Every structure is written in structure tokens, then in C-alpha cells.
Amino acid sequence: MPHIAVLGAGITGVTTAYALSRRGFDVTVVERHRYPAMETSFANGGQLSASNAEVWNHWSTVLKGIKWMLKSDAPLLMNPSPSWHKYSWMGEFMGNISGYRTNTVETTRLAIAARKHMFDIAEREGINFDLEKRGILHVYYDKPSFDHASKVNALLTEGGLDRRPVTREEIKTVEPALVGDFHGGFFTPSDSTGDIHKFTRGLAEACAKRGVKFLFDAEIQSVKPGHTMKVYWKSAETPNSETNVLSVDGVVVCAGVGSRKIAGMLGDRINVYPVKGYSITVHLDDDRSQRGAPWVSLLDDRAKIVTSRLGPDRFRVAGTAEFNGINRDIRHDRINPLVDWVRTLFPDVSTSRVVPWAGLRPMMPNMMPRVKTGSRPGVFYNTGHGHLGWTLSAATAEIVSELVEQKHKPSRSRAA
């Protein structure tokens, strides 16, 4: 039974470990935190959104980014300080504008496939993660933005998604709690929302029951390829601790923004850039707030803000993209627009208890996840999902597990 190390215990790492375990592999997950899902999989927007599959490689994104550079509260913000990684990534991003249409359609198809895998896993393992199958409503304030959305909708439809235009009057019917003067919108009834942290923790527990081992508090020092691969790690909590060695038959790199560094150890180039996103979790502590918060998930195209209702007493609001390197600071001037947005569009919701968060999305220049074999035998990658890690993870876990299975033919006696 081949032994595979999965590097990272976020949503992609845990879904990969689960898929490998079901194929009969002996799996060890290596994670630098004490628990799974403690970074980008901790408090994201919560959307399982094929309707948000449009890649960002478009000239309109570039023009908006230039316009927003001097606004601290802009949806997209870039630190202009020199950085070879950042500017080379930007150059590759612009070079992939020609792939906008193809990549948007392909991402849509992948997201739809992932949806079924995700729901099957949750049902099979009995995972409760505040799933709401109420659809996602995109809203637009003016005709030009709605017209652009109509063009995007044609690509999403080509990818197999049912996403329908709605009038300003129908918006109120879809989500009565929403206050605003909108030109129109699009509604995707098959999209859903949930708590990524709850799901990932629940799936990690299911993995452990299946025999998957977890090495927590394990900071990876190096990975050495070979007939038997070596993963060298130290205790993340004790910097001066001795180095430990994990010997395996293969590794799957699912390390989020850390994937670029690990890939370099293995002779590969995985050009992931950390794009920071922010969220707030609004605690709905009174009846008025609970009635005044939406149940249908939203995407405000102008503000680039998404929402999810996480059970009766939590409301997640997330957005913004910040190009500022490996920086996890929670900035007040980036959180304020999220709070103000809630107060404007949902005036009955109290914002007296709001928990802010920031996470780093691992983004490739073409906005597509990197799911592939490495240049060395036994090396595999499942990373670079950007803003759609939660949406795509269950499908990419199956894809990379199939790649591993093609290279290693384990006993299937444990597969269920």
C-alpha cells in the first residue's frame, strides 16, 4: 500500500487526503498549524459558486485596478512597492487575457462537477456545515455592468450553468431583506453556501476514522525527491527542536500560498501569488438582526462583496483583493467598507458584534488551479485555486488522486 504525504490541511489538502484514502492509499497529512483549516479555509465567503467562475484575466479588471490604486477602500488594492514576484505575476496575468473565455468556461464545468462530489461527501460522512441550497443572487447597479454580466452569463451557460436574469422587482422577491436601487441581477438557483471551516474539520475527522494520519504543528523544512521521498519537518511551536523525517512514496503539494516555495524544493515552478481577502462574521444576536439578514447568498458586483448565511445567528460578508505579498495583517480601512456595506444594504442588522478576518488566496496568473504531476517521480500538485478553493476542491481532489493512482497501483481493499 503506497504511502502518500499530503502537504497542507486546508480544504484542498483534506479533500485530497480523503480521495486518496478511498482509493486505498496510506495517507499522512502534514500541517504547520495545530488544527486543519486554520488559514485560507478558516473564514472565507462561504459560497459554493459556479456562478463566480469568471476568471479575472480581462482588460476591464486591469483598468479598474489602475483606477483603484490610490483608494485604500477600493475592492482591489495593490501595494506599489517593488517586488519581482508580484510584477512578474502581473505580467503573466496580462499574458493570459487571451485565455479568458476558455478558462471561464472550463472553470464553470469544474465547479459544477465539484458540487456533486461535495454533497456526496457530506452525505456519506454526515458532515454538518450550515449548508444552504438557496442559490446565489448577483446584483448590478447600472446597465453597463449588467450588460457585461450578460456576456459573462453566455460563457457560464456554455459551461453548463443555469443562471437566469432577474429584474429589479424580482430581486426583491428573491431576497426580501435586501435594500438598494439595482438595475437588475442574475440568479443561480443551483449554487449554495456553507461554512468551509466546519466542513474541513468534519472531513478531517472522517479521514482520521479511515486511518489517515495527521502531523500537526509540523513546519516543513525541505522535501527531497527520490525512490523514497523524504519530508523534513520541525515542530512549528518549538523553533529549536530537532528535525524529523517522514519517508513516503509520493507527495501531493496542497500548501496554498506556501506551494511556490515547496515546488522550488522539488525543481518545479508553481507561480502562486498570495492575494489577500477579508471577511467579517456578523453575529446576529437579536431577533431583528436575524430577520433582517439575508438567507439567499449575494454577490454585489460593484463592491466585489459576497455573503453567506451561516445558520440562524451568523452572517458572513467577504470581499476585496489585496496584492501585498505574504501579509496577514487585518487592516481597519479594509474591514470598514464591509461593515458599512452591511449597514447600508441591511439596516436592520446590528453590527455591534463583528469578527474580522484576513486570508491569503493562492492564485495562479491564469486563475486556474494547478493540478498536475511534477517534474520528479512521485510529485503531484493540487494548489492555486484562488478565490474558488471551496468551490473547486472536491473535483480537483478527485483529479489529482486519479493521477496518483495512475502512478501507484495500491490495493483497493480499503476503498469504500
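S401 lies in helix α11, which spans residues 389-407, where helices are DSSP runs of H or I with at least four residues, strands are DSSP runs of E with at least two, and both are numbered from the N terminus. This is a predicted model, in which local features need pLDDT of at least 70 and side-chain atom pairs count only at pLDDT 80 or more, while totals for chains, interfaces and linings use all residues. Residues are numbered from 1 along each chain as its sequence is written, and side-chain values use heavy atoms, with hydrogens and water left out.

- S401 counts as buried because its relative accessible area is 0% (buried means under 20%, exposed over 50%, and partly exposed in between, with a 1.4 Å probe and protein chains only).
- Leaving aside residues up to four places away in sequence, S401 touches T16, A19, L20 and R23, a contact being heavy atoms within 4.5 Å.

- Within α2, which covers residues 59-68, the residues V62, G65 and W68 are buried.
- These residues lie on the same side of α2 because they cover an arc of only 135° around the axis, taken from the directions from the helix axis to the C-beta atoms.
- An α-helix has 3.6 residues a turn, so residues three or four places apart point the same way.
- The cover over the buried residues of α2 includes β4 (76-78) and α3 (84-95), whereas the exposed residues L63, I66 and K67 are carried on the face turned away from the buried side.

**Y35 in a loop**
- Y35 is found in the loop between β2 (26-30) and β3 (47-48), and Y35 counts as partly exposed because its relative accessibility is 39%.
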